[in-house]
Each structure stands twice: as structure tokens, then as C-alpha cells.
Amino acid sequence: LEEGPLEGQRESKWLDMLNNWDKWMAKKHKKIRLRCQKGIPPSLRGRAWQYLSGSKVKLEQNIGKFDELDLLPGDPKWLDVIERDLHRQFPFHEMFVSRGGHGQQDLFRVLKAYTLYRPEEGYCQAQAPIAAVLLMHMPAEQAFWCLVQICEKYLPGYYSEKLEAIQLDGQILFSLLHKVSPVAYKHLSKQKIDPILYMTEWFMCAFSRTLPWSSVLRVWDMFFCEGVKIIFRVGLVLLKHTLGSSDKLKSCQGQYETMERLRALSPKIMQETFLVQEVIELPVTERQIEREHLIQLKKWRETHGELQCKSPPRL
């Protein structure tokens, strides 16, 4: 019974914030962060994501651009791949359930537009679930600019051909794990399991294919507010609670068993309230991630030469 009035209050607070966004961003950023950690009211989530990501401004700076891209035919090599991926995105969601339905059509439009917007990048399969989640919350044009912000501002280089950015972030994640859970770190080192084997889908799909739906939404609320730091923290929490004690490692003797465990995570640790609390409380700061980023970037240059994609500080 309490839920109704409280939910209404939360909604009106968010409405006030969104209606006076510039003022809030300038003066009360900490408060915005706290509200995102508590979860954005469902009715305002789509609008809030656009404000938080800066995609609203991006759209206003590029009026008509999406329509222009929408009318272009697109490169056949990408169109085929996109077409094949459409029915794989949230097949049980009413929006995407029917082949050729409006959800799949909009998904096609958004992904095709991106390949025209960034022809040098083209299309990467992990963009499809990201775009699908956005389309559940906003119209195609808004979803497109939100996708642009994710690909360029939040996760730059993740979707370019060589996947260097994701490999680099895998090394950053692994190094941070040493501090968060030495037990898990030691086990993964001993088993010689490269981070790319378990964290690629987590990071590239921003956990949209890993976590239960209510947890996905809460993680995205924080991700849009605080950036990639949240993705690292979620990954660290999952690793810590899956492999972080000798008890848990009893059933993960070998490489195969460990990978199976990471593929089938325990529902308990992915549960919304538990996960969000752990993510908020995890003692990993932006500065630590940033420092690790510079260390790993230096190592990368020594072993692989220059990165093909830009790897700017993102926090």
C-alpha cells in the first residue's frame, strides 16, 4: 500500500529534475547520481536516459539527420547480417516477437542508420541487444542517438573490428579483480582463463544478455549517469561472488568448470536489490580505474604497438 504514494513522489521529483535539467546538472550532480542509484521511475526512464547520455542534445544538434540516414539504402554486406540478427533480440518480448513487426523494423532502421553514420565501423552484433533495450524505452530516432552516445562516449572502440578496446578493458578488469578478490584473481590466473573469454558479452552488451531484466534496468540507470565505471563494478561483483571463496571454488576445479560457472551465474547474485547494493558499495574508485587504464594502455603499446581505436579516459 505504501508503494503508490512513494512511487508518485519519486516520479514528481524526477519530473521536476528533468524539467530543470541544466540547473540540476550544474549544481546537484551528486543528487542526480543518488537518484539514479535508487532507480529511475519506469514512466520516465526513456526520457532520463536521453538526458543523462547527452543524446537529447545530440539529436537537437542534428535535426533531420536520422531521417536522412533512414532513407538511404545502406551497404548490402551489413544489411544481410543485421537482418539475420533481428529475431534473436529478446524474442519473447511483445515488441520483437513477430518477424517483420514494428519492433524488428525499428531495430533494423536504427542499426542500419548507424552503419551509414559510421561506415568505417559498420555493424557489430553486440549493438543489436543494446539498440533493442533502447527501443523498448524510446522511439527509433531517439534510440539511434542514444546508441551513438553509447558507442562513442561510453564504450568507445568496443564495436570496431579488432575488438582492441574490449581486450584492453578485460586487462583493466582483471587487474582490478586482484584488489577486489585476490582469491578469484588467483584462480583465474592459475586456470589461464583470459578475461576476453568471460567478459566480452558482459561488457559489449552492457549486461543486457546476462542479468535478469529488472537488474539490467537498474544497472543501465547507473551506467548512463556514471559511465563505464558501473560496467566494471558489475563485472567485479559477479566475479567476486562467483569465484571469491575457497568454498565456491570446490566445484570449479578446472578451466571448463570455471567457464561453465561464469556462463550460468547464480540467480541470487544477479538479483536486483543485492546486485545494486554490492555495485554501489564496491570499493573501486574512478581514479583507480583511470590509473589502471593508463597502466594497461602503456603495456598494450609495448606489446601490440598503437591502438587502432581511440582509447580516451572515459570517466
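Contact here means heavy atoms within 4.5 Å, and the structure shown in these close-up views is a predicted model.

**View 1. Glu121, a buried acidic residue without a salt bridge.** Glu121 is placed in the loop between α8 (102-117) and α9 (127-135). Leaving aside its neighbours within four places in sequence, Glu121 is in contact with Trp78, Tyr114, Gln127, Tyr159 and Ser160. Although Glu121 is buried, it has no salt bridge, and the nearest side chain of opposite charge, that of Arg118, is 5.7 Å away.

**View 2. The salt bridge of Lys56 and Glu60 in helix α5.** The structure holds 15 salt bridges, and one of them joins the side chains of Lys56 and Glu60, with an N to O distance of 2.6 Å. Because the two residues are four residues apart in helix α5 (residues 55-61), Lys56 and Glu60 are separated by about one helical turn. Lys56 counts as partly exposed, at 29% relative accessibility, and Glu60 also counts as partly exposed, at 45% relative accessibility.

**View 3. Arg109 and Asp70, a salt bridge linking distant parts of the chain.** The side chains of Arg109 and Asp70 meet in a salt bridge with an N to O distance of 2.9 Å. This pair links distant parts of the chain, with Arg109 in helix α8 and Asp70 in helix α6 (residues 65-71), 39 residues apart. Arg109 counts as partly exposed, at 26% relative accessibility, and Asp70 is likewise partly exposed, with a relative accessible area of 22%. A network of salt bridges links Asp70, Asp106 and Arg109.

**View 4. Arg263 and Glu260 in helix α17.** Arg263 forms a salt bridge with Glu260, and the closest N and O atoms of the pair are 3.1 Å apart. Both residues lie in helix α17 (residues 255-263), where Arg263 and Glu260 are three residues apart, about one turn of the helix. Arg263 is exposed, with a relative accessible area of 59%, whereas Glu260 is partly exposed, with a relative accessible area of 34%.

**View 5. The packing of helix α11 with helix α13.** Two packed helices are described by the angle between their axes and the distance between the axes. Helix α11 (residues 164-180) and helix α13 (residues 196-204) pack at an angle of about 110 degrees, and their axes are 10 Å apart. With this angle, α11 is roughly perpendicular to α13. On the side of α11, the residues that meet α13 are Ile166, Gln167, Asp169, Gly170, Leu173 and Phe174, and their counterparts in α13 are Ile196, Tyr198, Met199, Thr200, Phe203 and Met204. The residues of this contact of α11 with α13 divide into eight nonpolar, three polar and one charged.

**View 6. Lys192 and Ala206, two residues other than glycine with a positive phi.** Most residues other than glycine have a negative phi. Lys192, which lies in the loop between α12 (182-190) and α13, has a positive phi of about 55 degrees although it is not a glycine. Ala206, placed in the loop between α13 and α14 (213-226), has a positive phi of about 45 degrees and is not a glycine either. At 68% relative accessibility Lys192 counts as exposed, whereas Ala206, at 0% relative accessibility, counts as buried.

Notes. Residues are numbered from 1 along each chain as its sequence is written. This is a predicted model: local features need pLDDT of at least 70, side-chain atom pairs count only at pLDDT 80 or more; totals for chains, interfaces and linings use all residues. Side-chain values use heavy atoms; hydrogens and water are left out. Buried means under 20% relative accessible area, exposed over 50%, partly exposed in between (1.4 Å probe, protein chains only). Lys and Arg count as positive and Asp and Glu as negative; His and the chain ends are not counted. A salt bridge is a side-chain nitrogen of Lys or Arg within 4 Å of a carboxyl oxygen of Asp or Glu. Axes are lines fitted to C-alpha atoms, for helices over the stretch in contact, and angles run from 0 to 180 degrees between N-to-C directions. Angles under 35 degrees count as roughly parallel, over 145 as roughly antiparallel, 65 to 115 as roughly perpendicular and the rest as oblique. Ala, Val, Leu, Ile, Met, Phe, Trp, Tyr, Cys and Pro count as nonpolar, Asp, Glu, Lys and Arg as charged, and the others, Gly among them, as polar.
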